[in-house]
Amino acid sequence: MKYFFSALLFLVVISAFSQHTITGTLIDKDTNTPLEFASIYLPQLEKGTTSDANGQFTLTEIPTGNHKIIVSMVGFETLSQSIQLPLAEALNLVLKSSAIEMEEVIVSTPFHKLQSENVMKVERESISELKQGGAANLASGITEIAGVESVSTGLSIGKPVIRGLSSNRVLVYAQGIRLENQQFGAEHGLGVNDAGIESVEIIKGPASLLYGSDALGGVLYLNPEKYAPQNSNSSDFNGYYFSNTKGYTTNVGYKSSGEAIKFLFRGGLAEHSDYDTENYRVTNTRFREQDFKAGIGYQKSNFKTDFRYNVNHSKLGIPEEVGEQSTARTPLLPYQDLTNHIFSSKSTLFFNESSLDFNLGYTYNDRKEFEEHHEEEEEEEEHHEEEEALEPALHMKLQTANYDVKYNLHKMGKFETIVGMQGMHQTNTNNGEEQLIPDATTNDFGFLATSHIHFETVDIQLGARYDNRNINVKNGITKSFNSFNGAIGARTNINKIIIARLNLATGFRAPNLAELTSFGTHEGTNRFEIGNANLNNEQNVQVDLALEFKNEHLEIFANGFYNNIKDYIYLSPDGNTIDGTPVYNYLQENASLYGGEFGFHLHPHPLDWLHFESSFETVTGKQDNDSYLPLIPANSLTNTIRMEFEKQWISNGYAFVKLKYAFKQNNVSGFETPTEAYSLLSAGFGGDFKVFRNTMSFSVSGNNLTNKSYVNHLSRLKADNIANIGRNFSIGISYRI
C-alpha cells in the first residue's frame, strides 16, 4: 500500500511542472464588440472565471492535455470547444446571440458534456428557476420538470417519481455520492434542503450502468453550489415567505477562493404551519427544518480535491385526519425527528491525456418517530418540554460508507473511455421499542466500463457493468444478488436543426430489507406487511427515443419510452386481517411501463422576449396479469406564457402565467381509487436590480390562484379525501455582496 501512495505522490510532483495559463478574448459575433461578465468554465477541473470589460479572461495552473472549455452568457448560444494544452497563442472566442436559454454542462452523465452533445437525454433545472415558480421546497420543485412527479405527504414529505417509478427504484445523489435515508418508505422524504444546491438533473430511465442497484427507474442528481471564482469572495442572503402556511425559508452563505484553497458555508432554516385548503387547514402538516452545508477545496496544477459536509435536521408532523385548526409551527404527535449527516470527498489526479477520480462518502441517517401510546403521553403533549422527553417508538440508524474510483481516458482517437469500480457498506440498527425492518448489513460491489465514440455524423455511447449485493440480516437470512447490465445509445443530427437520440439500457434492483423481511403493521399505511425472503432481482430493459427540432425561434421535442420489468415487486392484500389490520404480501409479476413527454417552445421573431411553452406528459404501467401498477401519475398538460425583459432599472426581468391540467386517472391498482381531473393556475414576476451597488433579486408568485380544492393522485392523504394545498402567494428576496 505504501508503494501505491508513493507512486501517487510521485505523479503529483512530476505533474506540477506541467502547468499552463489560458488567456483569451470574447467578442459578440454580430457587433464585434467585447463581452463582459461571460462565464468561462473548465468542467473537468471545475474551475472558472468571468470576462472583464475588454472581454478578456485568464485561467492559471491548468494541466497539460485535452480540456473542454465552456463559455456561456445570457442572450447567447453556449460555446463548447476542446483545447489542447499547451496553447500556441491566446484564444479568440466568438459568441452568437440567441433567444434560446443558454446550456449548462450535464454532470450526472459520465463525460460532462452539454445537453446538445449528450447521447443520453437528461433534464436539468436550476434551483433558482424552480424557486421562481413558487416551490416551497425541493420535493415540490422537482415536479415542475417534465416526466417527474412526487409521492407526497403534505408539503414536508415528498419522494421523486420518474416515469411512474419511485422509492428504491429511483436513486438520489447529493454531493456526488448516493443518498441513503431509508428511502424504501413512502412516508420517508428526501432529507435534503435546496439551500446550497445549484441545480437538479434527472436521468429518466435505467442508470444502473453508472450507479448500480436502485437506479433502475432513474436518478435525481443534486449539484452542490460552485465555489467563488479564483481570487474572489462573495456572500448572499435569501429569504422566502409563503402566505398559505404563514411559513418561511431563509439561508445565508459565504464563499471565498484564493490561488489554491477555496471554501464555502451556508446555513438555512425553514418553518411552516399546517397548509390551508379551500375549507380547512390540514392538521399536523406543519414542519421545521434546519440545514448547514460547508465545503473546502484545494486545487494545484494537476490535483484537485473537494470535501463537503451537510447536516440536515427536521421535525415533520405526520397528518392523520383534519382536526385542530391552528397556525402553530410545532408538530403534534405523531411526528418524525430526522437528522441526516453527509460527508463526501471528491478528488482527481490529472495526467496528460487522462485522469483518476476517487470519491469517498459517508452518510448517517438517524430516524426517530414519536407517536401516542397512552393517556399520560397525551397529557404530556400539552407541554413542549415534556414532549421532548418522550422516547421514540421507532428509532432507526442507517450508516453508509461508499467509494467510487474511475479512470478517465479523455481522448484516444475517436474514443473517450471510463473504467471504474464502486462499492458500499451499510448497516441498519434499531434502538426503539418498535421494529420496522431488522438489524442488517448490506455490501455492494460493482465494476463498469463505458466509452463515448465520436464519428463524423454520429456519437455512440456503450458500456457494461457487473454488480454484487450481499444482505446479511442479524439472526436471520443471508441473501446474495448478482446482475450484469449494459447500455448502448446513439445521437445524430438528422440535419442542422433536428437531433435524434436512441438508447437501449438494462437495469436492476435488488429487493430491499422491507420487501424481504417485513412482518408487522406499517404505521401510516394501515397495512400489516409480510415480506418474502424468496424475492428475485427486478431486472428491466428500456428503450428511449428522443427527437428534438430546434431553430432560432422554435423548439419541438418528443421523448418516448418503453420499459419492461421482469419480477416487478409489489404489495397485494390476501383478504386476511391481523389485529384488525388488513394483511399485504410482497409478490412479484412482470410489468411494463410506457409513455413519454412531448411539447414545444416558441419565441417568435421579432418578439424574442415572448415565450410560449407547452408540454404533455403521459405514463401507463401494467402488470402482465393486466392489473395496473400503483402510484402512476395522471397524464398532464402544462401551458406557459413567459416574458423576459431588460430595462435601465431592472435586469433579467421576467413574468409568467401557467396553467396545468391534470387528467382524470382511471388506470388504478386494486387498492387505489380513481382521481378526478383538475386545473391549477399560477403566475409570477421578478428580476434583478442594484441596491448599494450590489445585486438584489426578487420574485413574486401565486399558485393555485383560483383556490381549487383538488387531490393529487400521488398524495398519501388521498385515502382520507384530504385536499392538496390551496391558494398560495410567495415572495422571495436574494441579496448578493
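Of the 737 residues of the chain, 55% count as buried (under 20% relative accessible area with a 1.4 Å probe, protein chains only; exposed is over 50%, partly exposed in between). This is a predicted model, in which local features need pLDDT of at least 70 and side-chain atom pairs pLDDT 80 or more, while totals for chains, interfaces and linings use all residues. Residues are numbered from 1 along each chain as its sequence is written, and side-chain values use heavy atoms, without hydrogens and water.

Start with the whole chain. Colour by secondary structure: there are seven helices and 38 strands (DSSP runs numbered from the N terminus, H or I of at least four residues and E of at least two). Along the principal axes, the C-alpha atoms fill a box of roughly 80 × 60 × 50 Å.

Next, select threonine 675, in the loop between β35 (651–662) and β36 (678–691). Threonine 675 is buried, at 5% relative accessible area. Show side chains: threonine 675 and histidine 713 are joined by a polar contact of 2.6 Å (N or O atoms within 3.5 Å, where within protein one must be able to donate a hydrogen and the other to accept it, and residues adjacent in sequence count only if both atoms are side-chain atoms). Leaving out residues up to four places away in sequence, threonine 675 touches Lys664, Gln665, Val711, Asn712, His713 and Lys718 (heavy atoms within 4.5 Å).

Finally, select valine 541 in strand β30. Valine 541 is partly exposed, with a relative accessible area of 39%.
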